[in-house]
Amino acid sequence: MRGIAILGSTGSIGRQAIEVISLHPHRFFVTALTAHRNAALLFDQVRLLRPRMAALTGETAPPDIPDDLSFCDFRFGPRALEEVARESEGQDVLAAVVGVAGLKAVLAARQAGKRVLLANKETLVAGGEMVMDACPDGPDGPTLLPVDSEHSAIFQCLQGAGPNAYEKILLTASGGPFRTWDKERMKNATVEQALGHPTWNMGAKITVDSASMFNKALEIIEAKWLFRARPEQIRVVVHPQSIVHSAVQFRDGAVIAQMGVPDMRLPILYAMSYPERLETGVEELDLFSVGQLTFEKPDPDRFPALRMAYEALRLGGAAACVLNAANEEGCYAFLRGEIPFGRISEIVADALDRYGALPARSLQDIDRADALAREAARGLLG
Ligand code: NAD
Ligand code: MG
């Protein structure tokens, strides 16, 4: 039995994690759950899964806990995420919160010797070096396992390959809802249009990131850290059907791809059960009904996010943290209707110009770069 704490259990990844855990009650049990503000759903989940710990991280005062949940130790406030990551029982922590808010909790989980199953890519983007230093392979294998579908795919393709055997990572991207839109039209896309992802059903932030391709920008940086890739080894391939979840090209010319229907339950459960494969409930891939798989070059002119990711890798230090923080601010401002869609990438470019050279030697450095980038971004909202 593996005990798993789910940080962000009320979100898209969190809820799907509960679904696959429930398919395998003799393999996994839930040790803790956290939500930001959705107390009603969190209480339902606690009632169902009976974890010993739970937290409402967006509450600043003790919430009213229903009488029948007195078996559970409830925490609240922003520090509660780290407390749960550190103090919950069990071996694994699934980081499924959104944004850099997950960074300290991931580090706390590692300090407590837990394995991290990482959906929360912003954490690795902002704190890359610190997170990787905290996650050396242990006697039982990796201590950091990717949940993001592309990185899970790459990880699966690399099974059995020796170190340094691969030449290139082919990171696939659906292209999002604006793949075929021209630049002018995209500039003023509405929130509703940005939230209309053609192939994946996800939380709001990552859906907007997919439309701007900042999601792929974050994933380029995520791949750099997870697979120790040099920037020139990571190539983005637009693949609108989202069937090839990514591929790896090896020294001998072989290209191995991982395919399947677009469904996060597979990479979520694979991270939990690795190296074993368990039943996920995911629909079978029917290649005949898919018919065609197509591939396109990304357009850096319409999607400047990709260029900015490579620029952040070239700059090193806190540049990726700055990119992420400015994008978080821009993305949420767009979702609140405060800025047009096209403004998000301008905000990120400006923050990178100003603060792209900051260092990232410590958590304090990262906090500072994050705060400065957010301040610069907010200055451009008006
Ligand atoms: P979501 O918005 O659906 O859920 C986010 C969860 O985190 C919720 O439980 C919410 O209560 C909690 N949360 C929100 N803000 C928080 C904060 N400041 N502090 C603590 N908790 C907070 O998001 P999601 O789509 O499930 O994505 C979660 C993470 O997984 C993101 O980093 C995303 O990029 C990544 N991811 C998601 C998908 C997907 O299919 N949804 C795929 C790949 C990667
Ligand atoms: Mg992804």
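Biologist: Are α3 and α4 roughly parallel or roughly antiparallel to each other?

Modeller: This is a predicted model. Helix α3 (residues 80–87) packs against helix α4 (residues 103–111) at an angle of about 20 degrees, and their axes are 7 Å apart. Angles under 35 degrees count as roughly parallel. The relation of α3 to α4 is therefore roughly parallel.

Biologist: Which residues of α3 and α4 make the contact?

Modeller: α3 passes α4 in a right-handed crossing. From α4 come Lys104, Ala105, Ala108, Ala109 and Gln111, and from α3 come Leu81, Glu82, Ala85 and Arg86.

Biologist: How many residues of the contact of α3 with α4 are nonpolar?

Modeller: Ala and Leu count as nonpolar, and Glu, Lys and Arg as charged. Sorted this way, the contact of α3 with α4 has three charged residues, one polar residue and, as for nonpolar ones, five.

Biologist: What spacing do the donors of the magnesium ion (ligand 2) follow along the chain?

Modeller: The protein donors are Asp148 (OD), Glu150 (OE) and Glu219 (OE), at 2.0 to 2.2 Å from the magnesium ion (ligand 2). Their spacing along the chain is D-x1-E-x68-E.

Biologist: How many residues apart in sequence are the parts that Asp148 and Glu219 tie together?

Modeller: Asp148 sits in the loop between β7 (144–146) and α6 (149–157), while Glu219 belongs to helix α10 (residues 214–226). The pair therefore ties together parts whose separation in sequence is 71 residues.

Biologist: Is Glu219 buried or exposed?

Modeller: Buried means under 20% relative accessible area. Asp148, at 7% relative accessibility, counts as buried. Glu219 has a relative accessible area of 1%, so Glu219 is buried.

Terms used
Residues numbered from 1 in each chain as written. Chains lettered and ligands numbered in written order. Predicted model: local features only at pLDDT ≥ 70, side-chain atom pairs only at ≥ 80, totals over all residues. Heavy atoms only, no water. Axes fitted to C-alpha atoms, helices over the stretch in contact; angles between N-to-C directions. Helix = DSSP H or I, 4+ residues; strand = E, 2+ residues; numbered from the N terminus. Parallel < 35°, antiparallel > 145°, perpendicular 65-115°, else oblique. Left-handed = near helix turned anticlockwise from the far one by under 90°. Contact = heavy atoms within 4.5 Å. Donors = N, O, S within 2.8 Å, 3.2 Å for Na, K, Ca; no water. Buried < 20%, exposed > 50% of the residue type's maximum accessible area, 1.4 Å probe, protein only.
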